[in-house]
Structures are given as structure tokens and as C-alpha cells.
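Subject: Handing over the structure

Hi,

Here is the structure I promised to pass on.

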Amino acid sequence: MKTAILYLSKHGTTEKVARIIGDKLEEKDAELINLEKVQPSLDQYDRIIIGGSVYAGTVNKKLTSYCIENETLLAQKQLGLFVCGMEPDPDKQQTELETAFPKSLQGKAKATGFMGGEFILEKMNFMERFIVKKIAHTKVSSSNIHEETINLFVEKLKE
Ligand SMILES: Cc1cc2nc3c(=O)[nH]c(=O)nc-3n(C[C@H](O)[C@H](O)[C@H](O)COP(=O)(O)O)c2cc1C
């Protein structure tokens with residue numbers, strides 16, 4: 001099975017999670033593709049995993065547009081969809097996940113997941129640091145990547 005893991009990542013967390021997923025899939029040829037740099041031809045892949053991070057409730061618009069533009073092709077693949085974020089409320093996490101991808105693709109996806117995230121203050125600009133301090137009351141960097149959710153996600157894909 002040839003796999004591509006497509007992602008968009010502002011400060012590196014979604015890229016990190018994409019890498020963890022790739023490692024756990026234990027496939028030598030799983031390709032990690034940064035959609036900011038490459039718009040791959042999807043024909044060559046059997047399984048496609050797509051991930052992005054949530055800022056102010058939504059994922060990068062480029063990710064949503066990419067999914068809409070390639071909806072027909074993506075629907076024919078074995079599909080995994082995930083988002084990274086620091087929202088603590090499970091209901092809101094679910095809403096963030098559901099608003100990130102077209103409904104039709106969510107229906108087709110073999111696995112979906114809210115994978116948690118990180119606040120890396122050193123990588124944020126002034127405004128981002130300000131927002132995180134005000135809303136999340138965080139003054140230090142922190143990591144809350146949901147290993148268990150990643151494991152479940154990978155297991156579902158392998159079934
Ligand atoms: C300014 C700002 C706003 C954020 N807003 C949200 C949000 O609305 N919901 C959420 O779940 N996470 C939010 N986050 C957390 C990010 O999704 C988290 O830091 C994620 O790990 C970033 O991944 P990336 O480095 O791949 O972009 C926010 C982070 C920042 C800095």
C-alpha cells in the first residue's frame with residue numbers, strides 16, 4: 001500500500017504528528033508531503049492521510065480548499081483525516097475536526113482524529129503569544145500530543 005501523508009503546519013507540530021503517524025504505520029515508503037511546498041499528483045497513492053492545525057477555530061484555508069478541489073480523487077482512496085489543536089473540550093475538538101474537512105470526505109474516511117498539539121512560545125509571533133497568554137493562560141511552552149488517539153487512528157487504518 002503506497003501512502004502519502006499531506007500536511008500543513010505553522011510551527012511544526014502537525015509535521016511532527018504526521019511523522020509519528022508515518023513511523024507507526026511502519027511502511028518504508030510512506031511519504032510526508034508539506035502542501036505548502038508540493039502539490040502532489042495523487043494517482044500514485046492508495047492511502048492518503050491529511051492533517052492540519054487549528055487556529056481560532058479553523059484549519060488553514062489552503063487545506064480545506066485542497067480537499068474540496070481534490071474531493072473526487074480523495075474519496076476513491078483509503079483516507080485518514082486529522083487535526084492538531086490545544087482545545088481542551090472534547091465537544092469543541094470534535095467540532096474543529098468536523099469543520100476542517102468536507103462532510104463527504106469525513107463519511108469516506110477510514111480514520112479521523114483530534115491529535116492534540118503544542119504551544120511553542122519561542123516560535124510564535126507577538127500577537128500569537130498575546131492570544132495564547134490571554135485565552136489559554138499559558139506563559140510557558142507545553143505539549144499535549146494525544147499518543148493514544150494517534151495509536152487508535154493508525155490501528156483503524158491498518159484494519
Ligand atoms: C494564536 C493561536 C490560536 C490558536 N487557536 C486554537 C483553536 O482555536 N483551537 C485549537 O484547538 N487550538 C488552537 N491553537 C493551538 C494550535 O492549534 C497548536 O499550537 C498546534 O499544535 C499548532 O500546530 P502547527 O505547529 O502544526 O501549526 C492556537 C494556537 C495559537 C498560537
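**What I found**

P90 is exposed, with 9 other C-beta atoms within 10 Å. The cut-offs behind that word: a residue is buried with 20 or more other C-beta atoms within 10 Å of its own, exposed with 12 or fewer, and partly exposed in between, with C-beta atoms placed from the backbone. P90 sits in helix α4, and its C-alpha is 9.0 Å from that of F114, 24 residues away in sequence. Helices (H or I, at least four residues) and strands (E, at least two) are DSSP runs, numbered from the N terminus.

Before you go further, note that this is a predicted model: local features need pLDDT of at least 70, side-chain atom pairs count only at pLDDT 80 or more, and totals for chains, interfaces and linings use all residues. Residues are numbered from 1 along each chain as its sequence is written.

**Overall**

The UniProt record (an unreviewed entry) puts the feature "domain: Flavodoxin-like" at residues 3-158. UniProt positions are given in the numbering used here, feature names are shortened, and annotations may be inferred rather than shown by experiment. Over residues 3-158, the chain is 42% helix and 25% strand, and the end C-alpha atoms of that stretch are 12 Å apart.

**The core**

The largest nonpolar core has 34 residues. By nonpolar core I mean a set of buried Ala, Val, Leu, Ile, Met, Phe, Trp, Tyr and Cys residues joined through C-beta atoms within 7 Å. I5, I21, I48, L81, V83 and L105 have the most contacts inside this core. The elements that each supply at least two of its residues include β1 (3-7), α1 (13-25), β3 (47-55) and α7 (147-158). β5 gives the most, with 5 residues.

Leaving aside its neighbours within four places in sequence, I48 is in contact with A4, L6, L42, L74, K77 and L79; contact means that the two C-beta atoms, placed from the backbone, lie within 7 Å.

Strands count as paired if DSSP finds at least two bridges between them. β1 pairs with β3 in the parallel sense over 5 bridges, and the bridge partner of Y7 in β3 is G51. β1 also runs parallel to β2 (residues 31-34), joined by 4 bridges; there, I5 has L32 as its bridge partner.

β7 runs antiparallel to β8 (residues 142-145), with 4 bridges between them, and F119 has S142 as its bridge partner in β8. By contrast, α6 is hardly covered, with 0 buried residues among its 10.

K16, in helix α1, counts as partly exposed, with 18 C-beta neighbours inside 10 Å. The C-alpha atoms of K16 and G117 are 9.7 Å apart, although 101 residues separate them along the chain.

**Two backbone spots to check**

A56 has a positive phi of about 50° although it is not a glycine. A56 is in the loop between β3 and β4 (58-59) and is exposed, with 6 other C-beta atoms within 10 Å.

H137 also has a positive phi, near 50°, and is a residue other than glycine. H137 lies in the loop between α6 and β8, and with 7 C-beta neighbours inside 10 Å it counts as exposed.

Cheers
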